Amino acid sequence: MPEYVIDYVLLHELAHLLVPGHGPDFWRLLEAYPRTERARGYLEGVVAAERLPHLPGDPGE
Ligand SMILES: [Zn+2]
């Protein structure tokens, strides 16, 4: 994982010490980190790629 994604995950978990759920207060707190949206997009891509039989662009077997 890129460092900015790991930083986002750590920040996410730390923010939960202050705000338990994923409500507007939680996301307002995470907006302080400028790469929040980019990191969330990266993680969505990882989850989606795990559901694919082959990665698009991968030459395959
Ligand atoms: Zn969370």
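Helix H1 (residues 3-15) and helix H3 (residues 36-51) pack at an angle of about 100 degrees, their axes lying 9 Å apart. H1 is therefore roughly perpendicular to H3, a term applied to angles of 65 to 115 degrees. Axes are lines fitted to C-alpha atoms, for helices over the stretch in contact, and angles run from 0 to 180 degrees between N-to-C directions. The model is predicted: local features need pLDDT of at least 70 and side-chain atom pairs count only at pLDDT 80 or more, whereas totals for chains, interfaces and linings use all residues. Residues are numbered from 1 along each chain as its sequence is written.

On the H1 side, the contact (C-beta atoms, placed from the backbone, within 7 Å) involves Tyr4, Val5 and Tyr8, which meet Thr36, Arg38, Ala39, Tyr42 and Leu43 of H3. By class, the residues of this contact are 6 nonpolar, 1 polar and 1 charged.

The protein chain contains 3 helices and 0 strands; helices are DSSP runs of H or I with at least four residues, and strands are E runs of at least two. H3 comprises 16 residues and spans 23 Å from its first C-alpha to its last, close to the 22 Å expected at 1.5 Å a residue. Because the number of buried residues in H3 is 1 of 16, this helix lies largely in the open. A residue is buried if 20 or more other C-beta atoms lie within 10 Å of its own. In the protein chain, buried residues account for 3% of the 61 residues.

The mean pLDDT of the protein chain (the predictor's confidence in each residue, from 0 to 100) is 90, and 89% of the residues score at least 70.

Terms used
Parallel < 35°, antiparallel > 145°, perpendicular 65-115°, else oblique. Contact = placed C-beta atoms within 7 Å. Nonpolar A, V, L, I, M, F, W, Y, C, P; charged D, E, K, R; others polar. Buried ≥ 20, exposed ≤ 12 C-beta atoms within 10 Å, placed from the backbone. Expected span 1.5 Å × (residues − 1).
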